[in-house]
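Subject: Handover of a structure, with notes

Dear colleague,

I am passing a structure on to you, and my notes on it follow below. Please read them with the structure open beside you.

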Amino acid sequence: MNLTISVKQLGKKHPILQDNVIVLATTSTVVTVTQLLELVVAQQVDQFSKSSFEVDDEDKTHLPNNHYLPILLDSGKMSFGAIYNHNLPDLKKAQETAIQAFEDGMFAIFYGDDALETLKQTIDLEENKTLTFIRLTFLAGSYW
């Protein structure tokens, strides 16, 4: 099942990922938010596991697009596609972490214009709407 995803961050002009098509390993068209998160995380872990680890001295990193560079500068994290951690992720732990982060309100999910608010909410993937993840940033400070 093909799904178009977009990743945004509040207060940023350009999305981090825009209209990226991923293939989910499911035949069911109606899934819950929990199942959707598990499928997306499984696809991302699989994609990460298949990526090659380049450990030689030749620099093969790719520079980010011009519109993406200010986002990297604002976030304080410069990343050029190099993978420094060569440990393979644990799929179950990654899925549990994503579900816990959604429950804790660390990110919001929209399917088209509809906000997905609970883990038991069902969506129809056959509608072929864009799935948007919005990373939420919390302010730190005190009242005085």
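In these notes a strand is a DSSP run of E with at least two residues, a helix is a run of H or I with at least four, and both are numbered from the N terminus. On that basis D114 is found in strand β5. Please keep in mind throughout that this is a predicted model.

Overall make-up

The chain has 144 residues, of which 25% count as buried. It holds three helices and seven strands, and from the N terminus on these elements follow one another as β-β-β-α-α-α-β-β-β-β. Among contacts between residues at least 6 apart in sequence, 60% join residues that are at least 24 apart. The accessible surface comes to about 10300 Å², and carbon and sulfur atoms account for 53% of that area.

The sheet

Five strands form an open sheet with mixed pairing, in the order β2-β1-β7-β4-β5. Since β2 (17–23) and β5 (114–116) stand at the edges and have a single partner strand each, one side of each is left without a neighbour in the sheet. Neighbouring strands of the sheet are turned against each other by 30° on average, with direction ignored.

β1 and β7, by contrast, pair in the parallel sense, over five bridges; here V7 has F133 in β7 as its bridge partner, while Q9 stands opposite R135 of β7. β7 and β4 pair in the antiparallel sense over five bridges, with I109 opposite F133 in β7.

The nonpolar core

Which residues touch the most other members of the largest nonpolar core? They are L3, L36, L37, I109 and L131, in a core of 22 residues. At least two core residues each are supplied by β1 (2–9), α1 (33–50), α3 (91–103), β4 and β7 (131–135), and the largest share, five residues, comes from α1. In general, nonpolar side chains tend to be buried together in soluble globular proteins.

Helix α1 has 18 residues and reaches 26 Å from its first C-alpha to its last, which is close to the 26 Å expected at 1.5 Å a residue. The buried residues of α1 are V33, L36, L37, L39, V40, V41, Q43 and V45. L37, leaving aside its neighbours within four places in sequence, is in contact with A98, I99, F102, F107, I109, L119 and F133.

T4 has its place in strand β1. Is T4 buried or exposed? Its relative accessible area is 18%, and because buried means under 20%, T4 counts as buried. Apart from residues within four places in sequence, T4 is in contact with D19, N20, V21, K129, T130 and L131.

D114, in strand β5, has a relative accessibility of 41% and counts as partly exposed. Not counting residues up to four places away in sequence, D114 touches I109 and K129. The C-alpha atoms of D114 and L131 are separated by 9.6 Å, and the two residues are 17 residues apart along the chain.

N128 lies in the loop between β6 (122–124) and β7, and with a relative accessible area of 54% N128 is exposed. The phi of N128 is near 55°, a positive value in a residue other than glycine. Most residues other than glycine have a negative phi.

With best regards

How values were computed: Residues are numbered from 1 along each chain as its sequence is written. This is a predicted model: local features need pLDDT of at least 70, side-chain atom pairs count only at pLDDT 80 or more; totals for chains, interfaces and linings use all residues. Side-chain values use heavy atoms; hydrogens and water are left out. Buried means under 20% relative accessible area, exposed over 50%, partly exposed in between (1.4 Å probe, protein chains only). Contact means heavy atoms within 4.5 Å. Accessible areas come from the Shrake-Rupley method with a 1.4 Å probe; for residues, only the protein chains shown count as cover. Two strands pair if DSSP finds at least two bridges between them. Axes are lines fitted to C-alpha atoms, for helices over the stretch in contact, and angles run from 0 to 180 degrees between N-to-C directions. A nonpolar core is a set of buried Ala, Val, Leu, Ile, Met, Phe, Trp, Tyr and Cys residues joined through side-chain atoms within 4.5 Å. The expected span of a helix is 1.5 Å times one less than its number of residues.
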